[in-house]
Amino acid sequence: MKDLKNVKTIIFDYDGTLHDSSKIYIPAFMKAYDYLVDHDKAPEKKFQDNEITQWLGYSKKEMWELFMPHLEEPYKTAASTIIGQTMVEKISRREAYLYPNALETLAYLKGKYTLIFLSNCSIDYMESHAEMFNLRDYFTAMYCTEMYEFKKSKKEIVRGLKDKYPADYVVVGDRHQDLEVGELDATYAIGCSYGFGQAKELKQADILIEDISELKKYL
């Protein structure tokens with residue numbers, strides 16, 4: 001097992017790590033897809049949940065490039081807006097849910113480490129969750145990829161942040177975009193097997209956990 005005794009900063013992914021985003025993402029995705037069907041830009045289709053949640057963890061730019069690369073940009077933009085607005089509306093109606101033990105675990109870690117929030121999401125999405133769950137009570141700083149115009153990967157963002165926060169570092173997440181951060185110097189990766197990542201992605205992790213509370217065993 002990796003020795004994490006020198007870790008001082010923990011970088012958390014959000015969706016699939018602290019937040020069970022399937023609850024608000026699946027209906028938002030379906031609303032956007034119905035819009036595309038109504039405009040003759042997509043065929044009618046019944047999706048399995050895992051066909052939708054596979055996109056969680058991607059930026060909206062990456063998601064559309066992989067899901068419907070030939071869709072015209074105005075429709076990508078409109079569908080992305082529908083997804084984003086629907087999710088924020090659901091958050092405002094308190095339909096978003098963190099995983100059990102998420103806030104308890106953050107509270108446990110807060111006094112011992114510098115905690116950083118880093119998500120492939122919009123600023124509105126991040127701020128809505130910060131307000132609903134009082135996330136700023138736990139995190140020293142919160143970052144999202146919209147703050148970098150969705151042009152930087154998490155690995156690139158963390159590389160630019162490392163001078164601001166004390167080493168060593170550990171990243172906690174469920175997708176390859178999170179775990180590849182562990183390739184950086186003095187950085188470890190903890191993979192969340194309960195999230196939305198596939199087995200091949202989780203192989204990048206130094207440690208796997210099945211519940212967020214298991215962080216207490218290692219940190």
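Q: Which strand does Thr 114 lie in?
A: Thr 114 sits in β2. A strand here is a DSSP run of E with at least two residues, while a helix is a run of H or I with at least four, both numbered from the N terminus. Keep in mind that this is a predicted model, where local features need pLDDT of at least 70, side-chain atom pairs count only at pLDDT 80 or more, and totals for chains, interfaces and linings use all residues. Residues are numbered from 1 along each chain as its sequence is written, and side-chain values use heavy atoms, with hydrogens and water left out.

Q: Why is Thr 114 called buried?
A: Its relative accessible area is 17%. Buried means under 20% (exposed is over 50%, partly exposed in between, with a 1.4 Å probe and protein chains only). The value falls under the cut-off, so Thr 114 counts as buried.

Q: What is Thr 114 in contact with, leaving aside its neighbours within four places in sequence?
A: Its partners are Lys 8, Thr 9, Ile 10, Thr 140, Tyr 165 and Pro 166, with contact meaning heavy atoms within 4.5 Å. Thr 140 is 26 residues away along the chain, but the two C-alpha atoms are separated by 6.3 Å.

Q: What makes Ser 119 buried?
A: Ser 119, also in strand β2, has a relative accessible area of 2%. Not counting residues up to four places away in sequence, Ser 119 touches Tyr 14, Asp 15, Tyr 143, Cys 144, Thr 145 and Lys 154.

Q: Which residues touch the most other members of the largest nonpolar core?
A: Ile 10, Phe 12, Phe 139 and Leu 219 do, in a core of 62 residues. α1 gives the most to this core, with ten residues. It is called a nonpolar core because its members are buried Ala, Val, Leu, Ile, Met, Phe, Trp, Tyr or Cys residues joined through side-chain atoms within 4.5 Å. Beyond its neighbours within four places in sequence, Ile 10 is in contact with residues including Leu 109, Tyr 113, Leu 115, Ile 116 and Leu 219. In soluble globular proteins, nonpolar side chains tend to be buried together.

Q: What covers the buried residues of α6?
A: The cover includes α1 (22-38), α4, α5 (102-110), β2 (114-119) and β3 (141-144). The buried residues of α6 are Tyr 125, Met 126, Ser 128, His 129, Ala 130, Met 132 and Phe 133. After α6 comes Asn 134, with a positive phi near 55 degrees.

Q: Why is the largest pocket called a pocket, and how much space lies in it?
A: About 560 Å³. On a 1 Å grid over the protein atoms alone, a pocket is an open set of points with protein on both sides within 12 Å along at least five of seven lines, whereas in a cavity a 1.4 Å probe fits but cannot get out; lining residues have an atom within 4 Å of a point. Points are joined across faces, edges and corners, and the volume is the space filled by probe spheres set on them.

Q: Which element gives the largest share of the lining of the largest pocket?
A: α4 does, with seven residues. α3 (60-67), α4 (73-92) and α6 (123-133) each supply at least two.
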